[in-house]
Amino acid sequence: MSGAGDGGVRAGVDIGGTGIRMVVLEDRREIAAVTLPTSSFERFERQHRSLALAHSLRALVPSDKTLLSVGIGASGPVDTVAGVIENPCTLPTFSDMPLVAELSAHLLVPVRIDNDAVTAALGEFHLGAGRASRRMLAVTLGTGVGVALLIDGQPLRTADGAHPEGGHIPVGHTDTPCYCGLSGCWETLASRTWLQAALAGLLPDIAYEQHDLDFYRDLCQRDSRIAQLFERYGYQVGRGLGSLMSLYGPDLTVLSGSAAQLFPLYEDAVQVSLRRSKGFELSTRIVVSALGDGAGAIGAALLS
Ligand SMILES: [Zn+2]
């Protein structure tokens with residue numbers, strides 16, 4: 001019988017609106033990884049996309065290793081029982097198809113699926129920044145905002161077994177409708193998408209994703225408009241965190257997603273927004289992901 005200790009490996013796939021990250025773990029150690037644009041699968045007919053994904057996974061597994069299982073993390077609502085992504089708004093490429101069943105049939109291994117916020121949280125809990133936490137709040141600031149709470153490593157579920165869509169708690173006063181049906185959702189104000197668009201308004205010639213923390217820190221020091229923009233973003237991130245921390249009472253909050261890399265630029269604003277009166281203080285210990293963009297795929301591999 002093949003096992004993870006004798007050549008067996010587990011694959012994880014993180015399917016986002018922009019990119020698909022795939023990893024292969026052997027004994028919880030990453031031995032191969034690749035990221036493909038989600039749009040690269042759009043050239044295939046819908047009924048052939050799971051096969052294309054299976055081919056990409058097969059190509060990533062070393063020839064002397066046995067694939068034991070596949071885990072998938074996907075953005076937005078996921079039916080974990082039916083194995084179907086239900087996110088036609090931001091992930092139409094792989095939504096509303098029997099992805100788990102098809103992938104399992106192509107690869108002949110068990111396949112499990114969960115929301116990408118849950119898989120990223122599991123990655124951080126087992127192998128990253130959340131290893132000491134008993135009650136970990138994980139927030140992904142990416143294309144949207146994903147939220148997961150792990151209690152002793154187990155994800156909190158809604159009554160129907162789904163993942164709580166914490167990015168869609170209303171925090172704003174805007175009447176601008178969100179695709180979820182509510183308006184003023186936290187996601188519309190705290191996602192990297194908001195930050196990127198706001199930065200583009202001030203810096204139309206600078207591509208957000210091509211620059212790092214040091215670049216933006218330098219800009220903040222030279223241009224007060226940029227510093228104020230990050231401060232505003234921090235308050236907006238804090239609006240949702242305050243609600244979630246009040247409700248869940250986590251001992252640790254782990255931020256991930258591409259906007260988390262810039263956390264030092266808006267950390268003070270977040271903490272100011274979370275400050276409460278004596279007797280009502282929150283545990284506001286916030287750290288940035290240790291696994292970075294790889295957390296979702298690594299956690300997905302650990303699903304199985
Ligand atoms: Zn919403």
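The legends below describe close-up views of a predicted model.

**View 1**
The zinc ion is held by four donor atoms: ND1 of His168 and the SG atoms of Cys178, Cys180 and Cys185. Along the chain, they follow the spacing H-x9-C-x1-C-x4-C. The angles that the four donor atoms subtend around the zinc ion run from 103 to 119 degrees, so the arrangement is tetrahedral. For comparison, the ideal angle for four tetrahedral donors at a metal is 109.5 degrees.

Cysteine 185 has a relative accessibility of 0%, so cysteine 185 counts as buried. The cut-off for buried is under 20% relative accessible area.

**View 1. Glycine 172 in the loop between β10 and α4.**
Glycine 172 belongs to the loop that runs between β10 and α4. With a relative accessible area of 24%, glycine 172 is partly exposed. The C-alpha atom of glycine 172 is 7.9 Å from that of leucine 189. Along the chain, glycine 172 and leucine 189 are 17 residues apart.

**View 2. The salt bridge between arginine 157 and aspartate 114.**
Side chains of opposite charge can pair when their charged atoms come close. Arginine 157 and aspartate 114 form a salt bridge in which the closest N and O atoms are 2.8 Å apart. Arginine 157 sits in the loop between β10 (154-155) and α4 (186-190), while aspartate 114 is in strand β7 (residues 111-115), so the pair ties together parts that are 43 residues apart in sequence. Arginine 157 counts as partly exposed at 33% relative accessibility, whereas aspartate 114 counts as buried at 2%.

**View 3. The salt bridge between arginine 222 and aspartate 218 in helix α6.**
The side chains of arginine 222 and aspartate 218 meet in a salt bridge, at 3.1 Å from N to O. Both residues are in helix α6 (residues 213-222), where they are four residues apart, so about one helical turn separates them. Arginine 222 is exposed, at 59% relative accessibility. Aspartate 218 is partly exposed, at 33%.

In the salt bridge between arginine 225 and aspartate 223, the closest N and O atoms are 3.0 Å apart. The relative accessible area of arginine 225 is 42%, which makes arginine 225 partly exposed. Aspartate 223 counts as buried, with a relative accessibility of 17%. In the whole structure, a search finds eight salt bridges.

**View 4. Helices α5 and α7.**
Helix α5 spans residues 192-202 and helix α7 spans residues 224-248. Their axes come within 11 Å and cross at roughly 160 degrees. This angle makes α5 roughly antiparallel to α7, because angles over 145 degrees count as roughly antiparallel. The crossing in which α5 passes α7 is right-handed.

**View 5. Helices α1 and α2.**
The axes of helix α1 (residues 49-60) and α2 come within 9 Å. They cross at roughly 50 degrees, and α1 and α2 are therefore oblique to each other. The crossing of this pair, α1 and α2, is right-handed.

Arginine 28 is not a glycine, yet has a positive phi of about 65 degrees. The loop that holds arginine 28 lies between β2 (19-26) and β3 (29-37). Arginine 28 is partly exposed, with a relative accessible area of 47%. Leucine 108 is not a glycine either and has a positive phi of about 60 degrees. Leucine 108 is placed in the loop between α2 (99-107) and β7. At 74% relative accessibility, leucine 108 is exposed, the cut-off for exposed being over 50%.

Note on methods
Residues numbered from 1 in each chain as written. Predicted model: local features only at pLDDT ≥ 70, side-chain atom pairs only at ≥ 80, totals over all residues. Heavy atoms only, no water. Donors = N, O, S within 2.8 Å, 3.2 Å for Na, K, Ca; no water. Tetrahedral: all angles 85-135°; square planar, octahedral: opposite > 155°, others 65-115°. Buried < 20%, exposed > 50% of the residue type's maximum accessible area, 1.4 Å probe, protein only. Salt bridge = Lys/Arg side-chain N within 4 Å of Asp/Glu carboxyl O. Helix = DSSP H or I, 4+ residues; strand = E, 2+ residues; numbered from the N terminus. Axes fitted to C-alpha atoms, helices over the stretch in contact; angles between N-to-C directions. Parallel < 35°, antiparallel > 145°, perpendicular 65-115°, else oblique. Left-handed = near helix turned anticlockwise from the far one by under 90°.
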